[in-house]
Amino acid sequence: MTGELCYLSIAEAGSLLKSRQLSPVELTNAFLDRIEAIDSRIHSFVLVTREEALRQAKAVEIEIASNRYRGPLHGIPIGLKDLIETAGIRTTAHSKVLIDHIPAEDATVVSRLKEAGSILLGKLGCLEFAHGSPSPDQAWPAVRNPWNPEHGFTGGSSTGSASAVAAGLVMGALGTDTGGSIRNPASFCGIAGLMPTYGRISRKGVIPYSFSLDHCGPMAWTAEDCAIMLQAIAGYDPDDPGSANLPVTDYTAGLNMETRGMRIGVVRHFYESHLPPEDETRRAFEGALQELTKLGAVLEEVKLRELEDYDDCKVIIAEAEFFAVHEKDLLEKYQDYGANLRFRAVPGGLIRAVDYIQAQRQRAKLVAEMQTLFAGYDAMVTLCTYGPAPKMSADEPTHFFQRPNLTAVFNVTGNPAISICTGFDRMDLPLAMQIVGKPFDEATILRIAHAYEQATPWRRQRPCLG
Amino acid sequence: MADNAHQPSEQEVTLMLKRAGVTLPAEQLEKFCAVVARLEAAARRLRKDLKRADEPASVFPIRRWSP
């Protein structure tokens, strides 16, 4: 029964909680038991807030029994990437540098999830400051991929968020994404991960990596669950200077609307001109395109700028901003950073001011061009990663700089993008595509993703963890 | 990545590191030079298509300040 409860979607559990067929205390206990039984194999949590979760669950139970139901997240157990600040609860960014950091205030997204009545199960592991890579000198073991804990890397940097959702240890989680850190681990762990439009979700209280490119967003088993979470956290925040003061759409209302006639641009040249993807990944993507055609979408090949153009822009902006954030600590607490992050962080200190400005000028052009191209399409689709999860091994820190990924393009342009599962390879590791939308049109990509998930069997398969 | 034509010398990189206030272990210096070359190549490529008046993306409209 525990497994069954933990594998419910947020939408399913929300309906049972609302009708009082399911107790929030029972549901929370089921997750806490499962975390205790399984998490030692995948290390997705850095902190389990058991007592606080049970206190919240009991309060929610009383509220729902008193007809004070708040909505579809009321009583839903969730986790937070440990980059997101929580009042009175340690927030480390998975780093020894912040090992004793207990924030005084919640991040805006945390306040909004609390207002929606969700139950926090704990803080989830990540790559150090969202930019490191697994190395043995860190304060916690590296998060493992639940589809194959011995083999698989989860991708990064929202490692614990993706792993915990896939393993049924939380129903949903928040991640952050500066160059693919929601979509990449969502892809490798076979879940749905949404990077909303830049400015749609407040970054206040989210430890920064790169002010220009950081996004916070939901990660869950289905696109529908991402829509439910997005509804709770989206909206203007005067405390975030990048926040957009625009109305928030109803993200779940249109999920079941027709996709027939939608115009979708297919971007193949990113990976055809760079590193060709593995055959199974390519086949799964082509299969997904056929499915979208069956759903009535009109597909057309579209050509954007070369992948390198976006990557050049991203790497200069992100590395310079990362160094600016960490300059003081890098100089004063250098040894507290993991070895891999030390190596990755330092180049940012060598980027010249003029190069940073040229990158921001080039970015403005890339944004404008992308929005012009989008006039002809409702959405675009492309691969999310070049293949399934790679083997977990000591990562060579220089690799990060050597090849452009397929996700950072949309951090540069600010468009929303969701990663969804498109099947499994011969080792049962998940494969994925990303669906990209017009700025502030998350509703359309959620609708396409939901239609695809409903039409395919991939949401019925879970990792075998017992 | 293409266009890594200029491989900065260890001496050049050491000077840049000194300016940034960072000391890197000697065994990492060679790998680090390759990363710096990659960043320099990216910075060179970024200049294409830019016109004199092209504004950076980081420019933002100022808002009325109210106490």
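User: How much space lies in the largest cavity?

Analyst: Good place to start! This is a predicted model in which local features need pLDDT of at least 70 and side-chain atom pairs count only at pLDDT 80 or more, while totals for chains, interfaces and linings use all residues. Residues are numbered from 1 along each chain as its sequence is written, chains are lettered from A and ligands numbered from 1 in the order in which they are written, and side-chain values use heavy atoms, leaving out hydrogens and water. A cavity is a set of points on a 1 Å grid over the protein atoms alone where a 1.4 Å probe fits but cannot get out, and volume is the space filled by probe spheres set on the points, which are joined across faces, edges and corners. For the largest cavity that space is about 60 Å³.

User: How many charged residues does the lining of the largest cavity have?

Analyst: Lining residues have an atom within 4 Å of a point, and here they include A:His94, A:Cys126 and A:Phe153. Ala, Val, Leu, Ile, Met, Phe, Trp, Tyr, Cys and Pro count as nonpolar, Asp, Glu, Lys and Arg as charged, and the others, Gly among them, as polar. By class, the lining has seven nonpolar and four polar residues, and the charged ones number one.

User: Which residue does a cis peptide bond join to A:Gly156?

Analyst: Look in the loop between strand S3 (119-124) and helix H6 (159-166) of chain A; helices (H or I, at least four residues) and strands (E, at least two) are DSSP runs, numbered from the N terminus. The loop between S3 and H6 also holds A:Phe129, which has a positive phi of about 50° although it is not a glycine. The cis bond has an omega of about 10°, and the partner of A:Gly156 is A:Ser157.

User: Which element gives the most to the lining of the second largest pocket?

Analyst: A pocket is an open set of points with protein on both sides within 12 Å along at least five of seven lines. Helix H13 (353-373) and helix H14 (409-413) of chain A each supply at least two lining residues. The largest share, five residues, comes from H13(A).

User: How much area do chain B and chain A bury between them?

Analyst: Contact means heavy atoms within 4.5 Å, and 33 residues of chain B are in contact with 38 residues of chain A. Buried area is the accessible area (1.4 Å probe) that two parts lose on being put together, summed over both. Carbon and sulfur atoms hold 62% of it, and the total is about 3100 Å².

User: How many salt bridges does the rule find across this interface?

Analyst: A salt bridge is a side-chain nitrogen of Lys or Arg within 4 Å of a carboxyl oxygen of Asp or Glu. One pair that meets this way is B:Asp54 and A:Lys365, at 3.9 Å from N to O. Across the interface of chain B and chain A, the count of salt bridges is eight.
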